[in-house]
Amino acid sequence: MTDVRNPIFQHGTNLIKQQMAVDVPVETIPLPSGGKAYPESSPLHNRQNIEIRAMTAREEDILMSRALIKKGTVVTHLIQNCLVDQTIPVSQMLSGDRYALLVALRIMSYGPEYEAAIECPACGAKQNKVFNLSELPIKELEVAPSQPGMNLFDFELPVSKKKITFKFLTGIDEEQMLMTQNAKKAKLGTDVETPVTSRLVQSIVAIDGNTNKGDIIRFVNSMIVRDVQALRKYMADVEPGIDMTQVVDCIECDAVEEVSVPVGVGFFFPKGR
């Protein structure tokens, strides 16, 4: 029988010895970015893959840590703990590379089947769907950075013709966004969120060469919708990572729709375990 392996795993399973001589599986995971967006000073520069071991009881402690959940650093600590090479700075990794490792960890530790609740985009009906995580394809980085070895990319807005220089968000950026959002909620006393503008402000590095953050914030808040949509689509299209979209048949309206695999609590706490 042929061993059909998820493409996220590059080589056969290895084993490493932990304390008490327990063997823990280790897999080699390809980085979607190919290390192209990391500077020469980074151990991730031009790195093609990373070795990661399966989760143990220690990692389940991390997942249940209220302090880490509140700080929004659970993912960083989880991945960091499971890396074979501990010199790799997980917080500085592109979000897409982190997702590849996260999906690999889920498959290694609990298997590829993942049940989650989804909503039909056509009729709004809700249903439970079992996804096969091993079928999620890798999105490789296919555009060159504007500067070699830098997380910088260019795009010209179709309406205003402004040249936007943006970056793909890293773990640090994601954590900073969460902290800023929580601070706003605490200050205003509401749950109002600004996911579009917050993400653009965090992603945009320069506008026509102007790197002033205040000017970037003002520009983002006044961007024409057509420019916003074009920039967001381009960034989503070229960002390396794991393609989390799957085609689903609705049990209510029979529509065949593309949905994004939701990553919720059940991702690492599957039913029946």
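Is Phe155 buried or exposed, and at what relative accessibility? At 17% relative accessibility, Phe155 counts as buried (under 20% relative accessible area; exposed is over 50% and partly exposed lies in between, with a 1.4 Å probe and protein chains only).

These views come from a predicted model, where local features need pLDDT of at least 70, side-chain atom pairs count only at pLDDT 80 or more, and totals for chains, interfaces and linings use all residues. Residues are numbered from 1 along each chain as its sequence is written, and side-chain values use heavy atoms, leaving out hydrogens and water.

**View A. Phe153 and Phe168 form a tilted pair.** The whole structure holds 7 aromatic pairs (ring centres of Phe, Tyr or the six-membered ring of Trp within 6.5 Å; planes under 30 degrees apart are stacked, over 60 edge-to-face, the rest tilted). Here the ring centres are 4.6 Å apart and the planes meet at 45°. Phe153 belongs to strand E7 (residues 153-156), while Phe168 sits in the loop between strand E8 (163-166) and helix H5 (171-188), 15 residues apart. Helices (H or I, at least four residues) and strands (E, at least two) are DSSP runs numbered from the N terminus. Both phenylalanines, Phe153 and Phe168, are buried.

**View B. Phe155 stacks with Tyr234.** Their centres lie 4.8 Å apart with planes at 20°. Phe155 is in strand E7 and Tyr234 in helix H8 (residues 225-238), so the pair ties together parts 79 residues apart in sequence. Tyr234 is partly exposed, at 25% relative accessible area.

**View C. One aromatic cluster takes in Phe153, Phe155, Phe166, Phe168 and Tyr234.**

**View D. Arg106 places its charged end over the ring of Phe267.** The distance to the ring centre is 5.8 Å; the criterion is NZ of Lys or CZ of Arg within 6 Å of the centre and within 35 degrees of the ring normal.
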